[in-house]
Amino acid sequence: MRIFVFGGDGFCGWPTALHLSKSGHDVTIVDNLSRREIDAKLGLQSLTPITELQERIAAWRELTGRIIHFEHLDIAREAPRLDTLVANGKPDAVVHFAEQRAAPYSMRGPDEKRYTVDNNISGTHNLLVALTQHSPDTHLVHLGTMGVYGYSGNGFSIPEGYLDVAVTDDHGQPQSREILFPTKPGSVYHMTKSLDQLLFQFYAQNDALKITDLHQGIVWGTQTKETKLDPRLINRFDYDGEYGTVLNRFLVEAAIGHPLTVHGTGGQTRAFIHIRDTVRCIELAVGSPPQRGEKVKILNQVAETLTIIDLARLVSDRTGAEIAHVPNPRAEAAENELVVSNETFLALGLDPTLLDSALLEGTIALSKRHSDRVDLSMIPARSAWNRERQKQIFENPQAAAA
């Protein structure tokens, strides 16, 4: 298959591009390299030393003989060039990672909020328009987030995207409907993913586009079979307060003897998935498209759920690291329940990697190997969700941690 991977230089996009290429697909990465620019702007660096994209691609060809093409393109701002790319390439599938992916960064300030909305929504819509006009048979696979559902306790397992409801009509008769599961985004980033859903719903029903939306949990780990082949292929590993996912942050903190920073009580339940399962899920989704005219296929891309405090204890038990409760910058409940259905991917053959596996040890070892690259000043979360949280964190941190 000819596959375009939008955002293919990123944390999920790069290993996905390699995995699809290794599986025999003709892969083109489309990226504006904005993630690297954000690193430079914030003074951040990946824990792992990542090479320039062209060097990565050259190394992949040298090692495997497989060619990955690259188009330097900003899909949110260069719609005519995107149209030309899609019209000329007519890919069988596009994998869409090309969105600002961090909730904390999206809440950092006015500029970051506007950038996240402008980039994510414009990019997604430009891609949908390009497919509609120039390649309507292309299958769009989008990486969404479990965060669109919110984190309130529902008392039932969250289904895969849709909810069956009954409404009494004006004549007192029950009428059944299937609706998108009501969204409850917890950040500007999550809000953009919720808006994506509406865009997908419209273009699937109006233009019969084939769309799969993957609601993914928090990704942990950094390496896949392909990125392990050579140091030049290594994946990025974010540990900072803006882009670092919680488990990866814990593992870095443990590696350098820093207490594990648990935000608030740690009673928040989250869904998790290993990076190697992410790339496998993308491959499974690409190979199982909906038919034209069908509704958007929504799949929950998760392996398991766990509270943050239980996650910290798991790392602490393995490493001896202490646990420290720090103010929570997010406006969220101190505790929540989260039960998620992932039946479709299990039925497609996914054998998920769980947090108590040996891979956890491998990620700890990787963290220790590159511990000299850790900047302690970048670990604390700086982006507060609102003025109240801002005040608690910077003026009365003890009250916020209680």
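These legends describe close-up views of one predicted model.

**Reading the views.** Residues are numbered from 1 along each chain as its sequence is written, and side-chain values use heavy atoms, with hydrogens and water left out. In this predicted model, local features need pLDDT of at least 70 and side-chain atom pairs count only at pLDDT 80 or more, while totals for chains, interfaces and linings use all residues.

**View 1. Confidence along the chain.** pLDDT is the predictor's confidence in each residue, from 0 to 100. The chain averages a pLDDT of 92. At least 70 is the score of 97% of the residues. Over residues 397-402, pLDDT stays under 50. For residues 397-402 the model has 9 contacts beyond four places in sequence. Contact means heavy atoms within 4.5 Å.

View 2. Helices (H or I, at least four residues) and strands (E, at least two) are DSSP runs, numbered from the N terminus. Buried means under 20% relative accessible area, exposed means over 50%, and partly exposed lies in between (1.4 Å probe, protein chains only). In H1, 9 of the 10 residues are buried, so the helix is largely enclosed by the rest of the structure. Among the buried residues are Trp 14, Pro 15, His 19 and Leu 20. The buried residues of H1 pack against several elements, including strand S1 (2-6), strand S2 (26-31), H3 and H9. After H1 comes Gly 24, with a positive phi near 105 degrees.

**View 3. Ser 21 in helix H1.** Ser 21 belongs to helix H1 (residues 13-22). Its relative accessible area is 0%, so Ser 21 is buried. Leaving aside neighbours within four places in sequence, Ser 21 is in contact with Val 27, Trp 60, Arg 66 and Ile 68.

**View 4. Helix H9, end to end.** The expected span of a helix is 1.5 Å times one less than its number of residues. Helix H9 (residues 275-286) has 12 residues and should span 16 Å. Its end C-alpha atoms are 17 Å apart, which agrees. H9 is mostly covered, with 10 of its 12 residues buried. The buried residues include Asp 277, Cys 281, Glu 283 and Leu 284.

**View 5. Aromatic pairs.** A pair of aromatic rings is described by the distance of the centres and the angle of the planes. Rings of Phe, Tyr and Trp (its six-membered ring) pair if their centres lie within 6.5 Å; planes under 30 degrees apart count as stacked, over 60 as edge-to-face and the rest as tilted. The whole structure holds 4 aromatic pairs. In one of them, the ring centres of Phe 4 and Phe 6 are 6.3 Å apart and the planes stand at 70 degrees, so this pair is edge-to-face. Phe 4 and Phe 6 are both buried. Phe 202 and Tyr 203 also form an edge-to-face pair, at 5.1 Å centre to centre and 90 degrees between the planes. Phe 202 is partly exposed, with a relative accessible area of 39%. Tyr 203 is buried, at 10%.

**View 6. Arg 35 over Tyr 243.** A charge sits over a ring if NZ of Lys or CZ of Arg is within 6 Å of the ring centre and within 35 degrees of the ring normal. Arg 35 lies over the face of Tyr 243, 3.6 Å from the ring centre. Arg 35 is part of helix H2. It is buried, with a relative accessible area of 12%. Not counting residues up to four places away in sequence, Arg 35 touches Arg 101, Arg 236, Asp 238 and Tyr 243.

**View 7. The S6–S7 hairpin.** Two strands pair if DSSP finds at least two bridges between them. Strand S6 (residues 162-168) and strand S7 (residues 174-180) pair in the antiparallel sense over 7 bridges. The two strands form a hairpin with 5 residues between them. In the turn, Gly 172 has a positive phi of about 80 degrees. Tyr 162 stands opposite Leu 180 in S7. The charged end of Lys 295 sits over the ring of Tyr 162, 4.2 Å from its centre.

**View 8. Ser 176 on strand S7.** Ser 176 lies in strand S7. It counts as exposed, at 61% relative accessibility. Leaving aside neighbours within four places in sequence, Ser 176 is in contact with Val 165 and Ala 166. The C-alpha atoms of Ser 176 and Val 165 are separated by 5.8 Å.
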